[in-house]
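Here are a few notes to read alongside the model, written as numbered points.

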Amino acid sequence: MRIWSLHPRYLDRQGLLAGWREGLLAQAVLNGQTKGYTNHPQLIRFRESVDPRGAIGTYLSYIAEEATARRYKFDATKILLRAEPDIRLTVNEGQLDYERRHLLAKVQTRHPDDAERIASLMVPADPHPLFTVVPGDIESWERFTTR
């Protein structure tokens, strides 16, 4: 499961679809609707928020908004709850940079002809609108991949 801290506009088609699908899975976990993935480290920051279920709903809302802008048809009625408009989660700048590099490696594999253009858009990388960037390293819950 990857709940990207990056702004959804950076996600390629596969990333956006996976982000939606995995966000819906996270929503199911946080709403007690599934027994799988309940201890997934990506969910820590949502569980630590004042409104975990609303935060994941808000996260999904921005994914759905980006999908609509690209003329994809994501079923936003699957979003169960949205948080108050002023809710924010934090992401360390080291985590955001790690995710930027991680996404670029994926895009390089999937769309090598488009990787340079996408990389140029991500300097510096903006966070998902739910997140506020704070100083710090890669989050302690991150599971590293080797690429």
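1. Let me start with how two helices pass each other: α1 crosses α3 in a left-handed sense (left-handed if the near helix is turned anticlockwise from the far one by less than a right angle, right-handed if clockwise). Helices here are DSSP runs of H or I with at least four residues, strands are runs of E with at least two, and both are numbered from the N terminus.

2. A word on the basis: this is a predicted model, in which local features need pLDDT of at least 70 and side-chain atom pairs count only at pLDDT 80 or more, while totals for chains, interfaces and linings use all residues. Residues are numbered from 1 along each chain as its sequence is written, and side-chain values use heavy atoms, with hydrogens and water left out.

3. The axes of α1 (residues 13-30) and α3 (residues 52-69) come within 10 Å and cross at roughly 160°. Axes are lines fitted to C-alpha atoms, for helices over the stretch in contact, with angles from 0 to 180 degrees between N-to-C directions. The pair is therefore roughly antiparallel (over 145 degrees; under 35 is roughly parallel, 65 to 115 roughly perpendicular and the rest oblique).

4. Who makes the contact (heavy atoms within 4.5 Å)? From α1 the residues include Leu16, Trp20 and Leu24, and from α3 they include Ile56, Leu60 and Ile63. The residues of this contact divide into eleven nonpolar, three polar and two charged; here Ala, Val, Leu, Ile, Met, Phe, Trp, Tyr, Cys and Pro count as nonpolar, Asp, Glu, Lys and Arg as charged, and the others, Gly among them, as polar.

5. Do look at Pro8, in the segment before α1. Pro8 is buried, at 1% relative accessible area (buried is under 20%, exposed over 50%, partly exposed in between, with a 1.4 Å probe and protein chains only). Leaving out residues up to four places away in sequence, Pro8 touches Leu16, Tyr62, Ile63, Glu66, Arg70, His128 and Pro129. Pro8 and Ile63 are 55 residues apart in sequence, yet their C-alpha atoms are 6.0 Å apart.

6. Finally, the rings: Trp20, Tyr72 and Phe74 are linked into a cluster by ring pairs (Phe, Tyr and the six-membered ring of Trp, centres within 6.5 Å; planes under 30 degrees apart are stacked, over 60 edge-to-face, the rest tilted). Tyr72 and Phe74 have ring centres 6.3 Å apart and planes at 15°, so they are stacked. Tyr72 is partly exposed at 28%, whereas Phe74 is buried at 14% relative accessibility.

Technical notes. Contact means heavy atoms within 4.5 Å.
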